[in-house]
Structure formats: C-alpha cells, structure tokens
Amino acid sequence: MGEHGAVEDGGVRLTVDELAARAGVTVRTVRFYGTKGLLPPPELGPRRVGRYGAAHLDRLELIEELQRQGLTLAAIERYLARLPEDSTPLDLAIHRALVASWTPEAAEELGRAQLERRAGRGLSEEQVERLVAMGTLERTADPELFRVDPGLLPLGVRILDVPIPLETLLAARAVVLEHSRATARELQRLFRETVWKPYRESEPAPDELARMKALTDHIQPMVAQALVTAFQRSLREELGEAVGSTASPAQD
C-alpha cells in the first residue's frame with residue numbers, strides 16, 4: 001500500500017484499542033503516529049468509528065521496530081517513504097522481521113493471554129506447536145510462558161491459516177537452518193580470507209582496527225538484505241517453474 005493508499009487488510013477490522021493491544025503500544029502512541037503522518041488514517045465505519053486493517057498493524061509494528069533501533073521520527077518517515085507504493089501487509093511484515101533481527105535480545109517473554117492478545121486470536125495447543133515449529137515461539141519451564149520473537153510473530157500467525165502439515169514446517173525449518181548456517185560460514189570464510197586477513201597483515205593502527213570492526217557490524221545488515229532479496233527471487237523462480245511444469249499443455 002502507498003503511504004496513504006487503500007488498505008489491503010484481508011478482512012481485518014480493528015478499533016484503535018484493538019490495534020494498540022495487538023502491537024503492544026498505547027492508544028496515545030497510535031494517534032501520535034497518525035498525526036505525524038507515519039500511520040495512514042483509518043477507514044471510517046458506521047457512526048464514523050475508525051477501523052484499522054492488517055496493513056495498519058504491520059506498518060505500526062515496523063515503526064515500533066525502527067524506533068527500537070534508535071531511528072528518529074524523521075528518519076522513520078524517510079524509511080517508510082522509500083517503501084514501494086504497492087507494499088502489501090506481508091511485505092511490511094518481512095521488513096519488520098528483517099529489522100528486528102538486528103535488535104539485541106529481541107525476544108520477549110509473554111504469558112498465554114498476552115501472546116493471544118498480541119496475535120489477535122485465541123491459540124489452540126496445535127497452533128502453539130506450529131508457531132514453535134516455525135521458530136516464532138520458544139517454550140519455557142512454565143507451560144503458560146513463552147519466549148516470542150516479535151519480528152516473526154506476525155508472519156507466523158498468518159501461516160497458521162495456511163494448510164501446511166506440522167511435519168512440513170519442521171522439515172522446512174531444518175532446511176533453512178542448514179543452508180543459512182552453511183551460507184554464513186562460507187561468507188565468514190570469504191570475508192576473513194579476502195578482507196580481514198590482508199587488513200591485519202598491513203599492521204593497521206589500533207584506532208584503524210577498531211574502525212574496521214565497526215564497519216564490519218554495519219556491513220552485516222546489508223548482507224542480510226542481499227540474502228533475503230536473493231532468496232525471494234530464487235523462491236519466486238522455483239515456484240514459477242513448479243507451477244509451469246504441472247500446468248496442462250496448451251491445446252491447439
């Protein structure tokens with residue numbers, strides 16, 4: 001959606017109180033972002049009551065994540081302005097998950113009631129198991145307390161409604177972990193051999209060495225963005241080929 005465009009909400013309709021509860025913020029915060037132009041205005045329903053959709057929720061959660069990263073409101077406004085006009089709620093959720101991955105100790109501990117309020121729905125034990133399988137939740141010693149990855153929760157909740165067997169989710173997660181670790185190891189080896197080792201051998205001054213280490217931390221998000229972009233493109237191509245191979249031959 002554009003900055004003030006139509007809301008693609010998938011049928012979600014939330015009051016300002018429900019929106020704030022789902023995002024874990026106050027109603028005052030929601031209204032403040034609205035006055036600053038960071039959050040599009042709600043759609044007006046019966047009796048002119050504002051209703052918010054999934055796109056509002058994902059945009060609000062992205063704004064909160066950017067604030068946790070230390071961005072000013074002006075910087076957040078610039079960030080949001082660069083998003084494609086046709087960004088969907090899923091696109092915004094992916095942006096937020098990517099940003100959240102750089103927040104130290106991003107996981108939150110939530111009780112069952114808090115978790116369901118944040119998810120915007122009641123959760124059965126089978127659904128909790130699915131969220132655990134996706135890596136969105138971690139169980140703790142207390143069966144009613146969970147460690148939650150706030151960046152992944154919106155994506156995980158959406159996937160709950162997709163008819164994917166639990167075994168498939170577990171297998172998919174294993175594949176992603178295996179290949180992401182292999183990619184990280186190879187990238188680390190490449191950087192160490194072609195950048196870091198020659199730099200150390202040049203005997204840099206201590207302050208230059210500290211600057212190089214800081215630069216390495218800044219490179220990390222760029223590498224992650226490149227990997228996400230490449231993976232999305234590859235997945236789109238693979239799915240397109242799969243669909244094409246199962247399609248019926250064209251009739252003359």
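A salt bridge here is a side-chain nitrogen of Lys or Arg within 4 Å of a carboxyl oxygen of Asp or Glu. By that rule, the side chains of Arg147 and Glu109 are joined, N to O, at 3.9 Å. This pair ties together distant parts of the chain, with Arg147 in strand β5 and Glu109 in strand β3, 38 residues apart. Arg147 is partly exposed at 34% relative accessible area, and Glu109 is partly exposed too, at 47%. For those words, buried means under 20% relative accessible area, exposed means over 50%, and partly exposed is in between (1.4 Å probe, protein chains only).

Before going further, some ground rules. This is a predicted model, where local features need pLDDT of at least 70 and side-chain atom pairs count only at pLDDT 80 or more, while totals for chains, interfaces and linings use all residues. Residues are numbered from 1 along each chain as its sequence is written, and side-chain values use heavy atoms, with hydrogens and water left out.

Now step back to the whole chain. It has 10 helices and 5 strands; these are DSSP runs numbered from the N terminus, with helices being H or I of at least four residues and strands being E of at least two. Of its 252 residues, 33% are buried. The accessible surface comes to about 15,700 Å², and carbon and sulfur atoms own 57% of that (areas are from the Shrake-Rupley method with a 1.4 Å probe, and for residues only the protein chains shown count as cover). If you take the contacts with a separation of 6 or more, 66% are between residues 24 or more positions apart, a contact being heavy atoms within 4.5 Å.

The structure holds 11 salt bridges in total. Another one to look at is Arg158 with Asp58, whose closest N and O atoms are 2.4 Å apart. It also links distant parts of the chain: Arg158 sits in helix α8 and Asp58 in helix α3, 100 residues apart.

His56 is buried, because its relative accessibility is 0%. Its side chain reaches the backbone oxygen of Pro41 at 3.2 Å.

Next, have a look at helix α2, residues 27–35, which holds Val30. Val30 has a relative accessible area of 1%, so it counts as buried. What does Val30 touch, leaving aside its neighbours within four places in sequence? The list is Val16, Leu19, Ala20, Val25, Leu39, Tyr52 and Leu60. For a sense of distance, Val30 and Leu57 are 27 residues apart in sequence and 10.0 Å apart in space, C-alpha to C-alpha.

After α6 comes Gly120, with a positive phi near 80°.

Arg112 counts as buried at 14% relative accessibility, while Glu116 is partly exposed at 24%. Through shared partners, salt bridges join Arg112, Glu116, Glu125, Glu129 and Arg139 into one network.

Finally, turn to the surface. Leu187, Leu190, Val223 and Leu227 form a nonpolar patch there, with about 290 Å² of accessible area together. Patches are made of residues with over 30% relative accessible area and no salt bridge, with like charges joined within 9 Å and nonpolar side chains (Val, Leu, Ile, Met, Phe, Trp, Tyr) within 5 Å. Helices α9 (166–201) and α10 (206–246) each supply at least two residues of this patch. Leu227 belongs to α10, and it is partly exposed at 42% relative accessible area.

Technical notes:
Polar contact = N/O pair within 3.5 Å; in protein donor to acceptor, adjacent residues only side chain to side chain.
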